[in-house]
Amino acid sequence: MLKTLTKIFKVGIVTEPLFSDKTSTEFEKTGSICKKLIATKFSGSFAIRQIDAGSCNGCELEIHALNNPFYSIERFGIHFVASPRHADLLLVTGPVSRHMQAALITAYEATPNPKLVIAVGDCGACGGEFGCSYASCGAVSNVIPVNGIISGCPPTPTELLRGIINILTKK
Amino acid sequence: MLLLTQITVLITIFAGIIALLLQHWHRLAKFFSFALLGLSSCLTIFIGSKTLITQQNITWQIVTAFPGLNWQFTLDPLAAFFLAIVGLIVLAITFYGPAYLRGYEKKRSITNMLLCTALFVAAMYLVLLASNVFSFLFAWELMSLSSYFLVIYLHENSVNRKAAFVYLLMAHASGLFILASFGILAKFSTNLDFISIHLAHLPTLWAHCAFILALIGFGMKAGIIPLHVWLPRAHPVAPSHISALMSGVMLKIAIYGLLRFVFSLLGTLYWQWGVTILIIGTVSALLGVLYALMQHDLKKLLAYHSIENIGIIFIGIGLAIIFMSTNHPVLAALGLVAALYHCLNHALFKSLLFLGAGVIQHQIHEQDLEKMGGLIHKMPHTALFFLIGCISISALPPFNGFVSEWLTYQTTLQAPMLSSGILRTLLPISAALLALTSALAATCFVKAYGAIFLGRPKTRQVRHAKDPTFSMVAAMGFLSLMCLVFGIFPVFTINLINSIPQQLLGTGLITTKNWLWLMPLTGNTTTYAPLLLCFGVLTIGGVVFWLVSCRPSNYAKKIKDAGYIPWGCGFGKIGATTQYTASAFAMPIRRVFKGVWAVTETLTKDNGNFEYNLITEDWSWRYFYEKLEKYLTFIARKIAYIQGGNVRIYLAYMFFTLLLLLWLVI
Amino acid sequence: MVGYMIWVFALLQTILFVAAAPLLSGLVKWLKCRLQNRRGSSILQPYRSLKKLFKKETIVANNASFIFHFTPYLIFTITILISATIPLIIANSPFTYIADIIVLIGLFALARFFLALSGLDIGTAFGGMGSSREMMLSSLAEPALLLAFFTLAMNAESTNLSTIIQHFITTKHLLFSPSLIFTALGFVIIAVAETGRIPIDNPDTHLELTMIHEAMILEYSGHHLALIEWASQIKFMIYCVLFVDLFFPFGLATSLTLNVIGISCLALLAKLFFLSFTLSIAEINLAKIRLFRAPYLLSFAFLLCLLGVLNHIILEVR
């Protein structure tokens, strides 16, 4: 345990790196706008439920990166939840495979209002390289009503955050 | 009062006779029989409470022609308390019985049932009132016999016959043990009535023998482990209101017998007796609830819970004996009051649960927990009263189960007053095991309630279930109300019960005269005010509900439940098979307490289909009773060689016996 | 006059308890984030979550019964009642005479009973799983908790919480007796089990198969969820304050003068901060243990509490 503790105190807070990097300050700026929007529209707390509707997990890794010490999305009041009943935003990745179509619709109906849906990645936005076929439904908007899309394959965490801001400002 | 008691017993017997007289007119027979039973139960409640308040002691005798075989009856506070319990339960049965028996009327005759029910209740009154060895044993045997005929009412099924046979066997074995213990007492006393037995002095060894025989006898009837095997066989088999009577009341008669024997008849108490009863009580409570957790037959589950609650009562009695024998009469009074309060509570909530089980069986003809589900939407009133029964039996405030457990804990907390280190260690350990027991009981009832009422229906029969007639619901409602009342007004009840330790131990509890705060021991700041707690819950709950549900907001105006399906993680159609079954709910407990049951778990595969079988049984039947039965059959077969079948051999036996006796006498 | 004042104080204490509970949870989360080398949400974040949840729509499934509707209010009410009986700032609260520590165990059991029933109500697999696991772990924790309370009650010769705390304030040397040290260690393990922290249950998990407490509330939304979350935050604060009050009661106000109460508030803040810090360090160092290893941990807690009781009975009672 002592090794862990010494490591923690040696490394310090990595969220705001000491050297100024273009991406990090941009993330900070985007983040503070997000925080203000969440404070007005959702009383300062924003719950995201991430749904994998047949993706290759590339987008998942980027979404997962939002939670690491470098990006640390929690400081903006955003957190991930385990059930769509607790969620404000559904972050759907992947071209919706036929197997996940019913599950996605169920999850959408299970989310209480006010709710938002964002389709992440090229697959979620327009079907990506899989498109609309016997195996996948294509864009997420073919299955459930979508409030916004974040394109990219995969989109970086900054782009994810910017996408969320866009949805909040639009609403 | 004397006349009233005699009239009550006579009315009860007459209720049976009238069933015989009006054999051919079922409805009339049912109506009059139950009406007379109801009248007698009301009178009993009145007599019981009046005697407890006035603390009087009445004795009367019926002289018969046989010398030494007079009938003698005494009405004292101990008997009065148990009479009141019997009366309360019989009153509930009076409302429940007629509608319940309607289901049996068409296929079989109910005369036998009505006659035996009346005789059973009359026999229980007589056991409580008896103050003479002869009347006690006569009433005891009458009680066993009449309940046997009630248990075997549905005799077409061979399982029922076997279960009733085991019950009869053990009831008679218990009667024999009690007879033997009374025999020892009779040897040292001048007369056979309880007062002279109390005044007699027994040498230590004989006192221990008498105690052990009485413990086995009364314990077998009460259902302590390992003498409990008849309970889970007989209760599921009997009609539900009889199971309620047997479980709620008859087991208490056995407790009454033990109390009368130990405190009234045996003059001096030994701490070893207290320790034995305490250990037996703790083991019965813990094993009872663990066996109950694995059952999926509702009535068998309730039967095992009866074993658990009898264990809790035994803990209270054991504590009372320990404290009394080490010269702490006030603490002994506390233990005794805890045990007696639990008797009352158990009678109420166990009967409530059995009546609920009867309603469920009536409606869907199923007893298996795995075949029910979702009944709360079909029978909401039954579900509400069954819930109150479940909360009471899990010893949760503010209902009555909690008060008796609280009193038991307070008694065990006085352990530092004892001087012996062993006793001081034993009491907190048994309190901890009692806490484990009540937590496991809560688990078991979450499982049972969830499997029966919540979730989705697992079989088609559930579709046709509905709330039963008003009288059955009223009976359950009455018992639930009693559960709540005895939970919120404990001081009132304890003041009533207080006359019993006064009579048996010479001192009662010195409670404060305040009706709101339960403070069992003066000089101690321990208090519990359940009425204020209840009031607090209702007030704060009301305020919270008003604040939360009635404020303006865009989306959260009203709860919309228009066709929302449950969130089951997005799986396909959510049906009855995706929910947790009762066995699955109890699986973690089964893994944690592995050695307690004899578990047989098999997984077989036959052309692609898997079949999983899980059988849990208790050790005592397989390893004790079946071996005992084999051994006894072996001996009996060897002795059977005497039966030659030839008349000449029997004449030879008679000749040689006569010679032997002549030689002995001359 | 004093009698009147003390009731007012007790009421204010309860309101403070209920209002400050999310703050404690926020503090623990903030400390954990800092120890994970990142800047996390602010300490006031739980308040914002609750405010948002109260404004959201509440969805109830079509096969929910009255138990589902009833449970959040009941759990919240019971938790508030329990918090009313815990001396937070004043050592001698009159509400402790309504419910002593055994009633406290009973009230927690009642809240858990209804939460487990509501988990089974909807008829989904995860609700049942959560209920089953929660009931199993709490059954094993309850005897240990009772034994811990017994040691304290036997020391103070009463089960009333105010009496126990005042007894330990006046006889300070007892706090270093072996029975209390064992009891304190056992109590820590039980508190971790009952409030669902690591190593028994991870409060931040998203994997249903690893959930114990969360699985029962997967179906709740809107103001129901807000009430249940608040109730679990109050429960966490109850266990923290109980630990701090029973084993380190230095500084609790025994009279109603202003400076004594001020010292009590400062002492409470310091103690709770220190406890949160220790808890955060423990949480980042340990991992959640397998479900069927938890009974071993709880048996260990039982053993510690049993040692505490035996120590008290054999060594300390003349």
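This is a predicted model: local features need pLDDT of at least 70, side-chain atom pairs count only at pLDDT 80 or more; totals for chains, interfaces and linings use all residues.

Modeller: Helix α17 of chain B runs over residues 421-453, which makes 33 residues. From its first C-alpha to its last, α17(B) reaches 48 Å. That is close to the 48 Å expected at 1.5 Å a residue. α17(B) is mostly covered, with 28 of its 33 residues buried.

Now a strand. Strand β4 of chain A, residues 116-120, is mostly covered too: five of its five residues are buried. A:Leu116, A:Ile118 and A:Val120 point one way from β4(A), while A:Val117 and A:Ala119 point the other way. In a regular strand, side chains alternate between the two faces of the sheet.

β4(A) has partners. Strand β3 of chain A, residues 89-93, pairs with β4(A) in the parallel sense over five bridges. In that pairing, A:Leu89 stands opposite A:Leu116. Strand β5 of chain A, residues 148-150, also pairs with β4(A) in the parallel sense, over three bridges. There, A:Gly148 is the bridge partner of A:Ile118. β3(A), helix α4 and β4(A) make a right-handed β-α-β unit. β4(A), helix α5 and β5(A) make a right-handed β-α-β unit as well.

Next, charges. A:Asp88 forms a salt bridge with C:Lys56, with the closest N and O atoms 2.7 Å apart. A:Asp88 lies in the loop between β2 and β3 of chain A, and C:Lys56 in the loop between α2 and α3 of chain C, so the pair joins two chains. Both A:Asp88 and C:Lys56 are buried.

B:Asp76 forms a salt bridge with B:Arg260, and here the closest N and O atoms are 2.9 Å apart. B:Asp76 lies in the loop between β2 and α3 of chain B, and B:Arg260 in helix α10 of chain B, so the pair ties together parts that are 184 residues apart in sequence. B:Asp76 counts as buried because its relative accessibility is 3%. B:Arg260 is buried, at 7%.

Last, the surface. A nonpolar patch in chain B has about 740 Å² of accessible area together. Its residues include B:Tyr631, B:Phe634 and B:Ile639. Helices α23 and α24 of chain B each give two or more residues to the patch. α23(B) gives the largest share, four residues. B:Ile639 has its place in α23(B).

Notes:
Residues are numbered from 1 along each chain as its sequence is written. Chains are lettered from A and ligands numbered from 1 in the order in which they are written. Side-chain values use heavy atoms; hydrogens and water are left out. Patches are made of residues with over 30% relative accessible area and no salt bridge: like charges are joined within 9 Å, nonpolar side chains (Val, Leu, Ile, Met, Phe, Trp, Tyr) within 5 Å. Accessible areas come from the Shrake-Rupley method with a 1.4 Å probe; for residues, only the protein chains shown count as cover. A salt bridge is a side-chain nitrogen of Lys or Arg within 4 Å of a carboxyl oxygen of Asp or Glu. Buried means under 20% relative accessible area, exposed over 50%, partly exposed in between (1.4 Å probe, protein chains only). Two strands pair if DSSP finds at least two bridges between them. A crossover is right-handed if, with the strands pointing away from the viewer, the path from the first strand over the helix to the second runs clockwise. The expected span of a helix is 1.5 Å times one less than its number of residues.
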